[in-house]
Amino acid sequence: MALGFSVEFCVHIAIAFNRFPGKRLERAKKAIFHMGSSVLVGIGSTKFIGVMVLAFAPSTLFKLYYFRMYLFIIILGLFNGLMLIPLLLSRIGPNPEMKGKIRD
């Protein structure tokens with residue numbers, strides 16, 4: 001489940017990076033500009049709101065294990081998707097192919 005959450009945050013940025021022409025740094029900036037808000041608001045906030053329900057659970061087991069675990073997974077996934085993946089792609093990402101790219 002943690003792997004699925006983490007991939008969900010990262011794959012949107014990686015696909016957007018791959019679709020833009022230009023140098024790596026430009027493509028990383030465009031990917032964050034175009035998909036960053038979708039990842040943060042669309043995925044991150046909805047998962048965060050869903051996990052916040054567990055914070056008010058009467059069971060200590062849910063608070064201690066599930067709430068903390070899922071909250072950490074969401075925070076780590078957002079960090080990876082919005083900070084680490086764009087950084088790595090801007091440094092060592094693939095070179096662009098010119099067919100089928102989005103034009104600005």
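Modeller: Two residues are in contact when heavy atoms lie within 4.5 Å of each other. By that rule, and not counting residues up to four places away in sequence, Phe9 touches Val39, Ile43, Gly44, Lys47, Ile74, Gly77, Leu78 and Gly81.

Biologist: Before we go on, what are we looking at?

Modeller: It's a predicted model, with residues numbered from 1 along each chain as its sequence is written; local features need pLDDT of at least 70 and side-chain atom pairs count only at pLDDT 80 or more, while totals for chains, interfaces and linings use all residues. Side-chain values use heavy atoms, leaving out hydrogens and water.

Biologist: Where is Asn80 found?

Modeller: In helix H3, residues 60–92. A helix here is a DSSP run of H or I with at least four residues, numbered from the N terminus.

Biologist: Why is Asn80 called buried?

Modeller: Buried means under 20% relative accessible area (exposed is over 50%, partly exposed in between, with a 1.4 Å probe and protein chains only). Asn80 has 18%, so it counts as buried. Leaving aside neighbours within four places in sequence, Asn80 is in contact with Cys10, Ile85 and Pro86.

Biologist: And what makes Leu89 buried?

Modeller: Leu89 has 15% relative accessibility, and the limit is under 20%, so it's buried too. Leu89 is also in H3, and among its contacts beyond four places in sequence are Phe17 and Arg24.

Biologist: What covers the buried residues of H3?

Modeller: The cover includes helix H1 (2–19) and helix H2 (24–55). In turn, the buried residues of H2 pack against H1 and H3.

Biologist: What makes H2 short of a straight helix?

Modeller: The expected span is 1.5 Å times one less than the number of residues. For the 32 residues of H2 a straight helix would reach 46 Å, but the end C-alpha atoms are only 41 Å apart. H3, with 33 residues, reaches 44 Å, close to its expected 48 Å.

Biologist: Which residues touch the most other members of the largest nonpolar core?

Modeller: Phe9 and Val51, out of 18 residues. H1, H2 and H3 each supply at least two residues of this core, and H3 gives the most, with 7 residues. A nonpolar core is a set of buried Ala, Val, Leu, Ile, Met, Phe, Trp, Tyr and Cys residues joined through side-chain atoms within 4.5 Å.

Biologist: Why is the pair Lys47 and Glu8 called a salt bridge?

Modeller: The rule asks for a side-chain nitrogen of Lys or Arg within 4 Å of a carboxyl oxygen of Asp or Glu. The closest N and O atoms of Lys47 and Glu8 are 3.2 Å apart, so the pair qualifies. Lys47 is in helix H2 and Glu8 in helix H1, 39 residues apart, and the pair links distant parts of the chain.

Biologist: Is Glu8 itself buried or partly exposed?

Modeller: Partly exposed, because its 27% relative accessibility falls between the 20% and 50% limits.
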